[in-house]
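Biologist: I have the sequence and the coordinates open. Please walk me through the fold and the way the chains meet.

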There are 4 protein chains.
Amino acid sequence: MHRAGWQNRGMHFPVHDRPQPESRVAYKLFKSLTTRWSDNDVFGHVNNVVYYHWFDTVVNTWLIENRVLSIQKPTTIGLVAETHCNFFESLSYPQDVHIGMRVAHVGTSSVRYELGVFGEAVRTAAKGHFVHVYVDPDTRRPLPLPVALIQLLETLK
Amino acid sequence: MHRAGWQNRGMHFPVHDRPQPESRVAYKLFKSLTTRWSDNDVFGHVNNVVYYHWFDTVVNTWLIENRVLSIQKPTTIGLVAETHCNFFESLSYPQDVHIGMRVAHVGTSSVRYELGVFGEAVRTAAKGHFVHVYVDPDTRRPLPLPVALIQLLETLK
Amino acid sequence: MHRAGWQNRGMHFPVHDRPQPESRVAYKLFKSLTTRWSDNDVFGHVNNVVYYHWFDTVVNTWLIENRVLSIQKPTTIGLVAETHCNFFESLSYPQDVHIGMRVAHVGTSSVRYELGVFGEAVRTAAKGHFVHVYVDPDTRRPLPLPVALIQLLETLK
Amino acid sequence: MHRAGWQNRGMHFPVHDRPQPESRVAYKLFKSLTTRWSDNDVFGHVNNVVYYHWFDTVVNTWLIENRVLSIQKPTTIGLVAETHCNFFESLSYPQDVHIGMRVAHVGTSSVRYELGVFGEAVRTAAKGHFVHVYVDPDTRRPLPLPVALIQLLETLK
């Protein structure tokens with residue numbers, strides 16, 4: 001299922017812009033997740049949407065474990081402003097998956113996480129990003145990132 | 001929950017590149033979908049991942065209804081190569097949502113669909129895109145788009 | 001795909017206990033829902049788990065629309081204590097489904113909802129039940145059903 | 001969040017019928033699963049529907065790993081005829097869950113699996129069952145269970 005053949009076949013991205021798979025060294029932190037029967041679609045592969053469930057899960061788990069995401073009475077909440085994923089190879093339940101994570105940008109009110117999905121292979125089956133914007137939970141206006149969060153984010157850059 | 005305030009607050013996109021909400025006239029075709037209890041996350045709004053379930057649903061429904069997507073014994077299958085979404089406003093179950101769709105690019109082996117999510121408001125709560133690449137179901141190598149598909153896609157440009 | 005043949009083929013239920021499909025007149029209220037691409041599993045039919053998403057959705061939509069379910073600061077919350085479903089016929093995305101609902105029992109602290117799932121056919125493709133127990137959101141101990149809820153529930157018996 | 005108090009508070013089950021939590025020794029085989037951000041509903045606990053995703057996952061993983069479930073060209077397929085779950089305690093993402101499994105009944109064409117969900121506690125947070133009926137993939141009429149499956153099922157009784 002090698003897809004190198006795509007290069008010359010009419011994709012509308014210029015070659016130098018086309019997203020490329022990465023290896024594990026490109027990521028700072030990994031979390032393994034189990035897949036579910038319902039992850040496979042009718043073609044027998046994990047549906048593209050499920051990758052975003054994984055991204056959401058690993059980013060939020062990391063934030064919760066490091067005590068910078070509180071579900072009860074938060075003073076600042078991180079809204080998802082943008083998500084993106086490129087798919088290189090198929091994965092299938094019941095295999096486990098390994099999600100690599102790094103922080104690519106820390107702005108005044110926003111963070112960009114980059115995520116790589118690995119199955120058995122040495123290169124990403126998919127990679128993507130999430131942009132969180134931190135806002136006031138009532139007014140939804142952007143707020144500066146909390147200091148504890150900034151410090152934590154620096155460890156994944 | 002107007003987010004115009006984001007413009008001056010340290011987002012890392014240059015202003016001219018930042019995705020903007022669109023109105024309904026920007027889309028060619030609409031499909032209304034019901035939301036589900038499980039779509040809302042702990043903050044009481046539809047989780048970002050659910051938008052991709054909607055995108056997948058409306059694109060594939062349109063392909064199936066127009067008889068260019070066959071689940072049984074297809075000779076060509078469309079793999080998802082890239083997906084993307086920008087989020088502007090929150091939505092919440094139990095409201096219905098209205099997904100607008102257009103075709104932005106038809107390549108030799110690939111199609112780019114653009115999708116807008118509307119709640120009650122006149123502008124998109126979110127917008128995104130899907131890139132499908134058509135491949136041989138066995139070898140997974142890119143194949144030219146089927147002629148019937150190309151003709152159909154032209155109607156949404 | 002008629003399954004009447006099951007009767008004589010070694011199912012371990014005694015015949016008189018085996019759940020039977022019902023017709024639309026057995027239900028008091030209907031809500032139509034759209035299906036999603038991800039609802040179909042690898043066999044091309046809606047996965048059994050999705051029916052429970054529909055049950056949850058129609059019961060909670062009805063409670064929210066009738067203002068007896070509040071997500072913000074509820075004084076009583078309904079926990080799900082038991083759910084059950086029997087499956088008679090397959091359904092497949094992209095068809096719409098029609099969920100019938102009735103209230104079968106109102107106890108001191110609990111309610112039993114019964115639900116029937118209809119596709120195109122006149123009889124249920126599946127039917128099931130949900131038992132909600134009302135508790136204090138902090139202590140999780142059972143509380144009497146709110147009066148407004150009891151009055152509402154009576155309309156579906 | 002102890003729910004022993006339910007016993008005397010007007011649930012409509014007779015006491016002797018009410019499902020009770022079980023301990024780990026009641027199950028033959030365990031599989032640990034990771035939870036997902038989207039598993040928590042607006043009340044901050046894993047939604048009741050997700051338990052069925054876990055049941056489906058562990059039963060099918062076990063069948064696949066033991067080579068009695070084939071997604072490609074099966075000669076017999078197991079349809080889900082009935083599912084059921086009783087909920088005793090809440091669970092919450094990001095905790096892992098441990099699903100215990102046993103086979104309670106093997107009929108001519110059907111199998112009843114019983115499943116227990118464990119978090120940190122020694123007793124089930126929930127328990128339920130799945131009934132699979134084996135049918136011809138084309139006619140959907142019941143067929144005798146494959147011999148290899150019967151032999152495997154006996155190991156979990």
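Biologist: Which residues of α1(D) do Asn48(C), Val49(C), Tyr52(C), His53(C) and Asp56(C) in α1(C) meet?

Modeller: Keep in mind that this is a predicted model. The contact is between helix α1(C) and helix α1(D). Its residues divide into 4 nonpolar, 4 polar and 2 charged. On the α1(D) side they are Asn48(D), Val49(D), Tyr52(D), His53(D) and Asp56(D).

Biologist: Are α1(C) and α1(D) roughly parallel or antiparallel to each other?

Modeller: Two packed helices are described by the angle between their axes and the distance between the axes. Here the axes are 9 Å apart, and the angle is about 175 degrees. Angles over 145 degrees count as roughly antiparallel. So α1(C) and α1(D) are roughly antiparallel.

Biologist: What does helix α1 of chain C lie across, and at about what angle does it run to β3(C)?

Modeller: Helix α1 (residues 48-65) of chain C lies across β1, β2, β3, β4 and β5 of chain C. It also lies across β2 of chain D. Its angle to β3(C) is about 65 degrees.

Biologist: And which strand of chain C does helix α1 of chain D lie across?

Modeller: Helix α1 of chain D lies across β1, β2, β3, β4 and β5 of chain D. It runs at about 65 degrees to β3(D). From chain C, the strand it lies across is β2.

Biologist: What is the order of the strands in the open sheet of 10 strands?

Modeller: Strands of a sheet pair through backbone hydrogen bonds, either parallel or antiparallel. In this open sheet the pairing is antiparallel. Neighbouring strands are turned by 25 degrees against each other on average, direction ignored. The order is β1(C)-β3(C)-β4(C)-β5(C)-β2(C)-β2(D)-β5(D)-β4(D)-β3(D)-β1(D).

Biologist: Which are the edge strands?

Modeller: An edge strand here pairs on one side only. One belongs to chain C and the other to chain D. They are β1 (29-33) of chain C and β1 (29-33) of chain D.

Biologist: Over how many bridges do strand β2 of chain C and strand β2 of chain D pair?

Modeller: Each of these strands covers residues 77-87. Glu82(C) has Asn86(D) as its bridge partner in β2(D). The pairing is antiparallel, and the count is 5 bridges.

Biologist: Turn to chain A. What pattern does it follow along the sequence?

Modeller: Chain A has 2 helices and 5 strands. Of its 157 residues, 45% count as buried. Read along the sequence, the pattern is β-α-β-β-β-β-α.

Biologist: How many bridges join strand β3 of chain A to β4(A)?

Modeller: A hairpin joins β3(A) to β4(A) through 3 residues. Met101(A) has Leu115(A) as its bridge partner in β4(A), and Val106(A) stands opposite Val111(A). The two strands run antiparallel and are joined by 8 bridges.

Biologist: What is the bridge partner of Val117(A) in β5(A)?

Modeller: Strand β5 of chain A covers residues 126-135. It runs antiparallel to β4(A), and 8 bridges join them. The partner of Val117(A) is Ala126(A).

Biologist: How many of the 9 residues of strand β4 of chain A are buried?

Modeller: A residue counts as buried if 20 or more other C-beta atoms lie within 10 Å of its own. The strand, residues 110-118, is largely enclosed by the rest of the structure, because the buried residues number 8 of the 9.

Biologist: Is Thr108(D) buried or partly exposed?

Modeller: Thr108(D) lies in the loop between β3 and β4 of chain D. Buried would take 20 or more other C-beta atoms within 10 Å, and exposed 12 or fewer. Thr108(D) has 15, so it is partly exposed.

Biologist: What relation superposes chain C on chain A?

Modeller: The rotation is 180 degrees, with 0.0 Å of shift along its axis and an RMSD of 0.0 Å. That is the relation of a two-fold axis.

Biologist: Which C-alpha in chain C is nearest the axis?

Modeller: The axis is that of the rotation that superposes chain C on chain A. The distance from the axis is 1.9 Å, and the residue is Val42(C).

Definitions and conventions:
Residues are numbered from 1 along each chain as its sequence is written. Chains are lettered from A and ligands numbered from 1 in the order in which they are written. This is a predicted model: local features need pLDDT of at least 70, side-chain atom pairs count only at pLDDT 80 or more; totals for chains, interfaces and linings use all residues. Two strands pair if DSSP finds at least two bridges between them. Helices (H or I, at least four residues) and strands (E, at least two) are DSSP runs, numbered from the N terminus. Axes are lines fitted to C-alpha atoms, for helices over the stretch in contact, and angles run from 0 to 180 degrees between N-to-C directions. Two residues are in contact if their C-beta atoms, placed from the backbone, lie within 7 Å. Copies are superposed by least squares on the C-alpha atoms of residues with pLDDT of at least 70 in both. Angles under 35 degrees count as roughly parallel, over 145 as roughly antiparallel, 65 to 115 as roughly perpendicular and the rest as oblique. Ala, Val, Leu, Ile, Met, Phe, Trp, Tyr, Cys and Pro count as nonpolar, Asp, Glu, Lys and Arg as charged, and the others, Gly among them, as polar.
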